[in-house]
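Please read it with the coordinates open.

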Amino acid sequence: MTIPLVAVAEPPTLSGGVTSRYSDNVTRVPDGAQDDVETRTTLSFAHQTDPGACNARTRAEFGYGVWSDDTFEPELYSELDFLGDCSVTDNIRWELSDYLRDVVQDGRNVDTPDNRTRKNIFRTGPVLTVRLSQVDRLEISAQYENTEFEENSEIDSERLLGSAWVTRSFSPSTDLGVRFLADRAELETGEEIDRDTASLTFRKAWSATQIQGALGFTEYESRFMDQVLESDAIVGNFTLERDVSASTVAFLSATHELTDQTSDIDVRIGDITINLREQVGVEVTTIRAGMRTVYSDRSNMELALFSNRTEYLQSAEEEDGRGADFRYRLPVVSRLDGLLGARVERRSFQPEDRDDTLVNVHVGLSYQATRKLDLVGRVGRSSRDSNVPTTEYEDNWFELGLNYRFL
């Protein structure tokens, strides 16, 4: 969905930090483990402008890591979320967004700097909004999108996206609509991809529950030289949030989408890893459910269960993932908090008939030395068990870091 920013101004924040992390198996191999220390310097910025003719929301973090024994080359880490819009007329606004992420190139291999690349998605274009009546609204958008990868081995793309969306408000808390989306992409290899989607959209809110989503149909076609790949699927998305109590929120989200690897699907859905070495379409199904709780003693907890499936259209490869995420923060004494995190994931790959179990756990302490200075220490363990022994590893690590807020 394309929606204007509803801005609640946030003052700019700027912070910097240094973290040193020791690992006894930095390359994550089954035999011949090598230890090393990475020292990473980071700079973080966040800001949301006051509501006005132009609005912008920015979240960014950039880091530079150096390895003591030169196991890997010095690495630049980056993450950026920028979303802005400006009113051209009363009915037309111009939107611009940019998303930058470090992404895994091949989910079948271990997650190390050698298996990561930087992905940047830039999108811009006008949006026309027309009030057809007191309860009906028409929104038409035309946008240009450019996706670029840092590694030359990955495939960049350009695309044009056009949509028309009619919604009717039955009440302040209930909307129904019809949306049509046309997506035309051209990959730098010369492959052309057409994707057309028609869907029904909905939104409903009660005092303690909110739901929204869409249900529709997508036709997908890719053309490369004399090869044509056609597919179609019922697609949709659904999100639900419910206030279970004054301190607990339960959530559920589900998505089924037919798209390609150069789209922004892996940015929007954080629990999937798209195999960038596949050069055809991909059908993705994800489900995530859980709860967030903030207790009276300032402790907080989040638990999420997830399941996803990725199917590559031409190669007939499939990847399944299911697991759980857990995060807990507990005040110990004044200005000292305990940290606990765990993630367990079972991943399956076909047609290799391969099954992996990945486990990541950590415990730590966070100390607020001053109003602007935080100190953090963590110790953890990462491992992968598999029916393919050459892919297994065990990695024990600990890190110490500090973060200073300049603004």
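**Notes on side-chain contacts**

1. Arginine 137 and glutamate 139 are joined through their side chains by a salt bridge, with N and O 3.9 Å apart; a salt bridge here is a side-chain nitrogen of Lys or Arg within 4 Å of a carboxyl oxygen of Asp or Glu. Arginine 137 is partly exposed at a relative accessible area of 21%, whereas glutamate 139 is buried at 2%, where buried means under 20% relative accessible area, exposed over 50%, and partly exposed in between (1.4 Å probe, protein chains only).

2. On provenance, this is a predicted model, in which local features need pLDDT of at least 70 and side-chain atom pairs count only at pLDDT 80 or more, while totals for chains, interfaces and linings use all residues. Residues are numbered from 1 along each chain as its sequence is written, and side-chain values use heavy atoms, with hydrogens and water left out.

3. The structure contains 41 salt bridges, one of which pairs aspartate 194 with arginine 223 at 2.9 Å between N and O. This pair links distant parts of the chain, since aspartate 194 belongs to strand E10 (residues 192-205) and arginine 223 to strand E11 (residues 209-224), 29 residues apart; helices (H or I, at least four residues) and strands (E, at least two) are DSSP runs numbered from the N terminus. Aspartate 194 counts as buried at 19% relative accessibility, and arginine 223 counts as partly exposed at 25%.

4. A further salt bridge is formed by arginine 381 and glutamate 394, whose closest N and O atoms are 3.2 Å apart. Because arginine 381 sits in strand E19 (residues 373-386) and glutamate 394 in strand E20 (residues 393-405), the pair ties together parts that are 13 residues apart in sequence. Both partners are partly exposed, arginine 381 with a relative accessible area of 32% and glutamate 394 with one of 47%. Elsewhere, salt bridges that share partners build one network, whose members include Arg108, Arg288, Glu317, Glu319 and Asp325; Arg343, Glu345, Arg347 and Glu352 also belong to this network.

5. How many disulfides does a search of the whole structure find? The search finds one, taking a disulfide as a pair of cysteine sulfur atoms within 2.5 Å, and the link runs from cysteine 54 to cysteine 86 with an S to S distance of 1.9 Å. The link of cysteine 54 and cysteine 86 is right-handed, with 120° about the S-S bond. Cysteine 54 is partly exposed at 43% relative accessibility, and cysteine 86 is partly exposed at 30%.

6. Which residues make up the largest nonpolar core? This core has eight residues, namely Ile155, Ala185, Leu187, Ile193, Tyr220, Ala233, Val235 and Leu258, a nonpolar core being a set of buried Ala, Val, Leu, Ile, Met, Phe, Trp, Tyr and Cys residues joined through side-chain atoms within 4.5 Å. Strand E9 (174-187) and strand E12 (227-243) each contribute at least two residues to this core. A second, separate core has seven residues, among them Ile269, Ile274, Val282 and Tyr312. Leaving aside residues up to four places away in sequence, the contacts of leucine 258 include Tyr220, Ala233, Val235, Val282 and Leu313, contact meaning heavy atoms within 4.5 Å.

7. Arginine 101 lies in strand E5 (residues 92-104) and is buried, with a relative accessible area of 17%. The side chain of arginine 101 reaches the backbone oxygen of leucine 80 at 3.2 Å. Residues up to four places away in sequence not being counted, arginine 101 touches Ser78, Glu79, Leu80, Asp81, Thr117, Arg118, Lys119 and Val267.

8. Aromatic rings of Phe, Tyr and Trp (its six-membered ring) pair if their centres lie within 6.5 Å, and planes under 30 degrees apart count as stacked, over 60 as edge-to-face and the rest as tilted. By this rule there are five aromatic pairs. Phenylalanine 326 and tyrosine 328 form a stacked pair, 6.5 Å centre to centre with 20° between the planes, and tyrosine 404 and phenylalanine 406 form an edge-to-face pair, 5.3 Å centre to centre with 70° between the planes. Tyrosine 404 is partly exposed at 34%, and phenylalanine 406 is partly exposed at 43%.

Key: Polar contact = N/O pair within 3.5 Å; in protein donor to acceptor, adjacent residues only side chain to side chain.
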